[in-house]
Amino acid sequence: MPEQRVVDADYLLLEAPRERKFITGAQAMAEAVKRANVDIAIAYPITPQSEVMHLVGDIWAQGYLKDYYRAEEEYGAMSAIAGAVRGGARAFSATSGPGLLRGLEAIASWPGHRIPAVLGVLTRVVNAPLSIQPDNVEIAYLLHSGVVVLHAENQQDVFDFTLASFVISEKVDVYIPIAVCTEGFFVTHAKGYVNMTPEDMKLPPRDPYKAPVPPTDCEIPPARIQRDAPVQKSNFMSYLIHAVWQQEVWSSNIRAMKYIYKYLGGPIEVVNPEAEVFVVASGCAAAQGREAVRYAQLEGLNVGLVKVKSIRPFPEKEIRQALSRAKAVIVPEHNIVGWLAKEVKAAIPNSDIVVGGPRVYGGMTLPVELIMEKIYNALGIKKEKKVVV
Amino acid sequence: MPMEVLPGPAGYIPTPAAFEGVELPPPGKALLYGKIVDEGTAMREAAKAMLTRRNPTIFPGPLVLWGWNAGAMEKAKAVLELAMEIPNCRIIPMPDYRPKYPKIDPEAEINPNHPNLTILHNKIEACIFVGVHCHYANLSLRMIRAGTNCFTIALCAEMGHEDAMVSLRDQHAEEIRRFKDVLVQVREELGIKWEPKLPPENPSLPKEEYQTLSVLDYGEYSYLLIPRRGEQVTESE
């Protein structure tokens, strides 16, 4: 491995020279981990939806990480992360689908314990029926856990979001975990061009003393398995402390927004802001939405794109502003429940202009033609459907 | 338009200022009632509150109480110097974050899970949080705003707190001494006569007798200090 020197986080993320590589999304995530000065990676080897944790195992073997721990199952993996991070380590893991759901109870406790960890979520369907195909319904379960949720469109996003997440999550006013989601297979197994920071530079190590809660070394008395005694006494005060504690998790989530602006250029990207019809999408669907905008432009139609990078904190204000003049809003998604459409509807005053779809799931791809159909409908354009024999 | 963060009582369940658009100040600035202002302006308003409101109290937290590094010790000294300049100021520590069940003594210490009890019990109408880890400061400040009329001031070593009426960021010994100078100046402007003196002893804290200290005084943690029956400790790290 090349000797890595520690450089300032702002320099690495915003100024350092970049080298262009043609790699898969899984490789992009591992490359980000390589540059993030991670202490420990913790994994449970679920039926591989992606090779992220295998690649991270490789870079551990090369000496980029201090430790690699294979947990007994997902709940154990997510609990081990909490222990490692409380002990002062910078930790990373990746999971997907049923694995994410099995670890979800532990994951949902991370923000309350102020655990700054980074979790890759390489989405796949939730069983049953058994499948390992891409589908991002699991993001719906993450949305209310308190975790910051970013949704990457492509390999470049995967690299940028993952590397920036280590920096953002450890800001003292944030200090909660960040999930970097992207579609399994479509992004993790496909190659794309990624501009990467130099291999011989890495982030400064984590400083556990710069934290909103006391660091615990887990050994020296008073030893405390749980930082705070359970707040479950049956009286008003205990309920109130739990209430303000939850508020603190979500306040921290909101505070992450300014760093999303700083390091990721904002929570949304708007293409053709003057459009009358907008495609609003996140993750892989944003790539197809981008294609739909290109198709529409070729046909002389005034269509724009709002790509949502940050699902939590949800950029309500930004979306409301971007869609203030829209006549129709089309929300294509890779899941059956339509979690993004619901979020967008809740964010704008005239929610009846939102078209919840097209939606594909179970591992199906999202053809641009499906989005175009919705665009034609919104613009009142009739297109004949042909059967090619 | 961000909310105005004013002394409470805000009511049954307080809305966090962060939910209402209040953002933490950039370096060199401060928060006053939820708005970003110059540090000097916020310091003057904080000083005025500590000088004119009833029962001003400083709540030092573990980051100044535990003396875990030279900076913390110097900061603790600065806090004491500040307390000496505030007429009839008291110090009620927050030495640990564990809730004290079945009962806390609100005169002896402030419990972040019950901060408003301490405020109400002592009729405190102006207070300073210093050396409290941000998470616990935020919880306490919000609960105090919910149920009391106390004017809260946060002297934060990090980025500040949206739920305090005055929030100063990056506060270490030097900055606390600067705040003390501002406070003395405001005090003179207000014509308040005061000779610097130490705050009164905390009447509820038991006197520490190290000569008679026993393992049993460590309560639930005593097992960490004494070997189990039959256990022979031959070496330790």
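Here are some notes on helices, strands and salt bridges in this predicted model.

1. **Ground rules.** Residues count from 1 along each chain as its sequence is written, and chains are lettered from A and ligands numbered from 1 in the order in which they are written. Since this is a predicted model, local features need pLDDT of at least 70 and side-chain atom pairs count only at pLDDT 80 or more, while totals for chains, interfaces and linings use all residues; side-chain values use heavy atoms, with hydrogens and water left out.

2. **Helix 12 of chain A.** Just after the helix, G380(A) takes a positive phi of about 75°.

3. **Which side of helix 12 is buried?** Which residues of helix 12 of chain A are buried? They are V368(A), I371(A), M372(A), I375(A) and Y376(A) (buried means under 20% relative accessible area, exposed over 50%, and partly exposed in between, with a 1.4 Å probe and protein chains only). They sit on the same side of helix 12 of chain A because they cover an arc of only 145° around the axis (the arc is that of the directions from the helix axis to the C-beta atoms). Here is the background: an α-helix has 3.6 residues a turn, so residues three or four places apart point the same way. The cover over these buried residues includes strand 12 (277-281), helix 9 (284-298), strand 13 (303-308) and strand 15 (328-330) of chain A (contact means heavy atoms within 4.5 Å).

4. **Strand 12 of chain A.** Now look at one of those covering elements, strand 12 of chain A, where 5 of 5 residues are buried. Both faces are covered: V277(A), V279(A) and A281(A) lie on one side, and F278(A) and V280(A) on the other. Strand 12 runs parallel to strand 13 of chain A, with 5 bridges joining them (two strands pair if DSSP finds at least two bridges between them). In that pairing, V277(A) has V303(A) as its bridge partner. Strand 12 is also parallel to strand 15 of chain A, this time through 3 bridges, and F278(A) stands opposite V329(A) there.

5. **A β-α-β unit.** Follow the chain from strand 12 through helix 9 to strand 13 of chain A and you trace a right-handed β-α-β unit (right-handed if, with the strands pointing away from the viewer, the path from the first strand over the helix to the second runs clockwise).

6. **Strand 9 of chain A.** Strand 9 runs antiparallel to strand 2 of chain A, with 6 bridges between them. K191(A) is the bridge partner of T24(A).

7. **The sheet in chain B.** In chain B, 7 strands form an open sheet in the order 2-1-7-6-5-3-4, with mixed pairing. Its edge strands, strand 2 (35-38) and strand 4 (90-91), each pair on one side only. Strand 3 (residues 57-60) and strand 5 (residues 126-130) of chain B are parallel and joined by 4 bridges; F59(B) stands opposite F129(B).

8. **Salt bridges.** How many salt bridges are there over all chains? The count comes to 38 (a side-chain nitrogen of Lys or Arg within 4 Å of a carboxyl oxygen of Asp or Glu). One of them joins R18(A) and D160(A) at 2.8 Å, N to O. R18(A) is in the loop between helix 1 (9-15) and strand 2 (19-24) of chain A and D160(A) is in helix 7 (residues 155-169) of chain A, so the pair ties together parts 142 residues apart in sequence.

9. E248(A) is buried at 1% relative accessible area, and R114(A) is buried at 2%. A network of salt bridges links R114(A), E248(A), R255(A), R142(B), R145(B), E162(B) and D163(B).

Methods. Helix = DSSP H or I, 4+ residues; strand = E, 2+ residues; numbered from the N terminus.
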